[in-house]
Amino acid sequence: MTMMRGKAGTLVPRAMMALVAAMVMTHGMFGAAPAAAYEVAPMRMTLVPANGQNAATVSVNNSDSIPLRLEINVLKRSVARDGTQSLTPADDDFIVFPPQVEVPANTSQSIRFQYVGQPIAENGLAYVVQIAQVPVRPPGFSGVIFAYNFGVAVYLDPPRATARPVVVSATHAG
């Protein structure tokens, strides 16, 4: 393997330097469109449907100078004993409003979702509310467009046992 000396005097494989150079030149020749800058909050929440906590709101802040198009989907998250994770569509378990939205430049949009599925089992359930940017290709653009997806973790907890002490009898000692 042929090595070259990088900026800080470190040795870098020649193939790696060639790859970086090719990426920089390609970006200059063909261009790349950055995705719109946006933030999602909160990124994690817990609902307890049995206690009436079956809905929540996520805020999307578009801090870019162009509109941001989004599509919202809900996925059920399952983790196998070996640690592998799987996500399956959960359209019947949640109502999402709006399911698609265009957030104008420099504004925010609230996205509300509500659990309408079956009662929660004793172990609870885990979901991901996926907020996916829908890339829009500007007219005459030829290049790469980057799009970002956020996954908000939503945990559904079962009702917990609560102590409800009842005085059965009382005596006065004194």
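The largest nonpolar core has 26 residues, and Leu70, Phe113, Ile131 and Val154 touch the most other members. Such a core is a set of buried Ala, Val, Leu, Ile, Met, Phe, Trp, Tyr and Cys residues joined through side-chain atoms within 4.5 Å. Strand E7 (residues 68-79) supplies its largest share, 4 residues. Strands (E, at least two residues) are DSSP runs, numbered from the N terminus.

This is a predicted model: local features need pLDDT of at least 70, side-chain atom pairs count only at pLDDT 80 or more, and totals for chains, interfaces and linings use all residues. Residues are numbered from 1 along each chain as its sequence is written, and side-chain values use heavy atoms, leaving out hydrogens and water.

Take Val154. Leaving aside residues up to four places away in sequence, Val154 touches Met45, Leu47, Phe113, Leu125, Ala126, Tyr127 and Val129. Contact means heavy atoms within 4.5 Å.

Now Ile72, in strand E7. Ile72 counts as buried because its relative accessibility is 4%, and buried means under 20% relative accessible area, exposed over 50%, partly exposed in between (1.4 Å probe, protein chains only). Beyond residues up to four places away in sequence, its contacts include Val96, Pro98, Ile111 and Ile131. Ile72 and Ala132 lie 60 residues apart in sequence, yet 6.3 Å apart in space, C-alpha to C-alpha.

Last, Tyr148. Tyr148 sits in the loop between strand E13 (144-145) and strand E14 (149-156). With a relative accessible area of 46%, Tyr148 is partly exposed.
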